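Here are my notes for your read-through. Keep the structure open beside them and find each residue as you go.

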Amino acid sequence: VYNPIANSVRLPAWPDIARAIAEAKENYILLGDMNAKNVRWGGVGTATDRQGIHLWEKVETHELYMMTAKGKPTWERDRPANRPSGRRIYVGREDE
């Protein structure tokens, strides 16, 4: 999922994400460049923005779990050429 950078309270891509969650028949992993900042996945010193709050609320509402390591940066400005870029957040759900 790509969520465009926006100055809004909600993730512009959320309707597509919600539809995919509703249609999922089994376990799933949601991968995305969410452009949403939250200290829960962004590391020490990360500012939490409104879209980051919205995404975290939806993670909790849909009983998803964050697969991105807590506090580990998901993006680095001055990364070496051989490292992946992007603000990637991974969430998933496993039915018991």
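Among contacts in the protein between residues at least 6 apart in sequence, what percentage join residues at least 24 apart? Keep that in mind; the reply is in point 2.

1. First, a caution: this is a predicted model. The protein has three helices and three strands, and along the sequence they follow the pattern α-β-α-α-β-β.

2. Among contacts between residues at least 6 apart in sequence, 63% join residues at least 24 apart. As for burial, 31% of the 96 residues count as buried. The protein exposes about 6,600 Å², and carbon and sulfur atoms supply 50% of that area.

3. Now look inside. The largest nonpolar core has 15 residues, and Ile17 and Leu55 are those with the most contacts inside it. Helix H1 (14-23), S1 and H3 each supply at least two residues of this core. In soluble globular proteins, nonpolar side chains tend to be buried together. If you click on Ile17, look for Val1, Leu30 and Met34, which Ile17 touches when residues up to four places away in sequence are not counted.

4. Leaving out residues up to four places away in sequence, His54 touches Val9, Arg10, Leu11 and Trp14.

5. Next, the surface. Which residues form a nonpolar patch there? They are Ile29, Leu31, Tyr65 and Met67, and together they have about 400 Å² of accessible area. Take Leu31 as an example: you'll find Leu31 in strand S1, residues 28-33. Leu31 has a relative accessible area of 47%, so it is partly exposed.

6. How many salt bridges does a search of the whole structure find? It finds one. The side chains of Arg19 and Asp16 meet there, with 2.5 Å from N to O. Side chains of opposite charge can pair when their charged atoms come close. Both Arg19 and Asp16 lie in helix H1, three residues apart, which is about one turn of the helix.

7. Last, have a look at two backbone angles. Asn35 isn't a glycine, but its phi is positive, near 50 degrees. Asn35 lies in the loop between S1 and helix H2 (39-42). Glu63 isn't a glycine either, and has a positive phi of about 55 degrees. You'll find Glu63 in the loop between H3 and strand S2 (65-66).

Technical notes. Residues numbered from 1 in each chain as written. Predicted model: local features only at pLDDT ≥ 70, side-chain atom pairs only at ≥ 80, totals over all residues. Heavy atoms only, no water. Patch = residues over 30% accessible without salt bridge, like charges linked within 9 Å, V, L, I, M, F, W, Y side chains within 5 Å. Areas by Shrake-Rupley, 256 points an atom, 1.4 Å probe, with all protein chains shown as cover. Salt bridge = Lys/Arg side-chain N within 4 Å of Asp/Glu carboxyl O. Helix = DSSP H or I, 4+ residues; strand = E, 2+ residues; numbered from the N terminus. Buried < 20%, exposed > 50% of the residue type's maximum accessible area, 1.4 Å probe, protein only. Contact = heavy atoms within 4.5 Å. Core = buried A, V, L, I, M, F, W, Y, C linked by side-chain atoms within 4.5 Å.
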